[in-house]
Amino acid sequence: MKSYKNIIAAIMLSLATSLPVYAFDLALGNEEKSLGIKVTHEVDEPFGKPLPWGPASVRFSDNSLWAADTLKNRIVEYELNGTYKNAVTLELPNYSTIGDFCFGYFGEKKDKALYVCDADNPIIYVFNSSGKKIGQFGSVNKKTILIRPHRIEFYDGNIYVLDTGRSNIIVYNTKFYQGKAIVTFSNNFAIENDTLIHIVTSKKKKNIEFYNLKTNETKNYELDYPEDAEIDFISANQNLAFIGDILFKEGANKAQYQIILPN
């Protein structure tokens, strides 16, 4: 097992000199071009400290930034500078809430489709480009059973669903039949260049695993995180993996991010 620690500084330096880094705010509020936001006390969660509750997930696709507008049941499209472009309202049942989402295709004609994890129910919904529901699978479908779908990716004609209730990343085809399951104790994962990236636990240590979906080969890198730390963020950019850990302690809010190069 190879440690990544010796290459962190060099990678950060190269990123700083070669990749643009920018940030922008997306408007929040009740207006059409704003994302809905409330506090937990306003959405039937009266216990504990009031916390913001709003957009659940974001994606980059087709040179646009997309955000899940959870409170307004829609997916909102932005320019890469944060300028509002469009919104697609989804035919979502009243008992469901938009969670994570991804773009893919559906049917023999491979029509563009949007796959959405229901944040309140063990269901994956499928919508066409106009927001009409064209399919679903999960606990209501006899082909498979989901417990707590948390994150979803579409890659190479397959749907990858992270079911934290089963500690598996489960693979489905576009007819919703289940294929293999990849064991994971991570809350997130990413896929790029035939490689699935997620967190595994081995001998009480956390490791980031690069799993090649074509060859089934794996590479593991030990992480400098406490055993009970929760890895909250994973994304992939070419051959780099970005991971983040948010630690919530009494009186403190600390975010830590690390970059790994699998070579």
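Analyst: Val76 counts as buried, because its relative accessibility is 1% and buried means under 20% relative accessible area, with exposed set at over 50% and partly exposed in between (1.4 Å probe, protein chains only). This is a predicted model, in which local features need pLDDT of at least 70 and side-chain atom pairs count only at pLDDT 80 or more, while totals for chains, interfaces and linings use all residues. Residues are numbered from 1 along each chain as its sequence is written, and side-chain values use heavy atoms, with hydrogens and water left out.

User: Where is the place of Val76, and which residues does Val76 touch?

Analyst: Val76 belongs to strand β6, residues 74–78; strands (E, at least two residues) and helices (H or I, at least four residues) are DSSP runs, numbered from the N terminus. Leaving aside residues up to four places away in sequence, Val76 touches Leu35, Leu65, Trp66, Ala67, Asp69, Tyr84, Asn86 and Ala87, where contact means heavy atoms within 4.5 Å. Val76 and Lys33 are 43 residues apart in sequence, and their C-alpha atoms are 8.5 Å apart in space.

User: What makes β6 part of a sheet, and what is the order of the strands?

Analyst: Two strands pair if DSSP finds at least two bridges between them, and five bridges join β6 to β7, which run antiparallel. One of the facing pairs is Arg74 with Thr89 in β7. The open sheet has four strands in the order β4-β5-β6-β7, with antiparallel pairing. Its edge strands are β4 (58–61) and β7 (84–89), each of which pairs on one side only. From one strand to the next the twist averages 25 degrees; such angles run from 0 to 180 degrees between N-to-C directions, and the axes are lines fitted to C-alpha atoms, for helices over the stretch in contact.

User: Which strands form the open sheet that contains β10, and in what order?

Analyst: That open sheet has four strands in the order β8-β9-β10-β11, again with antiparallel pairing. The edge strands are β8 (98–106) and β11, because each pairs on one side only. With direction ignored, neighbouring strands of this sheet are turned by 25 degrees against each other on average.

User: How many bridges join β8 to β9, β9 to β10 and β10 to β11?

Analyst: Seven bridges join β8 to β9, and the bridge partner of Ile98 in β9 is Asp118. Four bridges join β9 (residues 111–118) to β10, where Leu114 has Phe127 as its bridge partner, and a hairpin of four residues links β9 to β10. Five bridges join β10 to β11 (residues 133–138), with Ile123 standing opposite Gly138. β10 and β11 also form a hairpin, with five residues between them, and Gly131 in the turn has a positive phi of about 95 degrees.

User: Why is β10 called largely enclosed by the rest of the structure?

Analyst: Five of the five residues of β10 (residues 123–127) are buried, so the strand is largely enclosed by the rest of the structure. Ile123, Tyr125 and Phe127 point one way from β10, whereas Ile124 and Val126 point the other way, and all are buried.

User: How do you know that Cys102 is in no disulfide?

Analyst: A disulfide is a covalent bond between the sulfur atoms of two cysteines. Here the rule asks for a pair of cysteine sulfur atoms within 2.5 Å, and by this rule the count comes to zero disulfides. Cys102 is in no disulfide, with the nearest cysteine sulfur, that of Cys117, lying 7.8 Å away. Because the sulfur of Cys117 is 7.8 Å from the closest cysteine sulfur, in Cys102, the distance is too far for a bond. Cys102 counts as buried at 3% relative accessibility, and Cys117 counts as buried at 1%.

User: Asp156 and Phe176 each have a positive phi; which of them is buried and which exposed?

Analyst: Asp156 is exposed, because its relative accessible area is 52%, whereas Phe176 is buried, because its value is 8%. Asp156 has a positive phi of about 55 degrees although it is not a glycine, and this residue lies in the loop between β12 (149–155) and β13 (158–163). Phe176, also not a glycine, has a positive phi of about 70 degrees and lies in the loop between β14 (168–173) and β15 (178–183).
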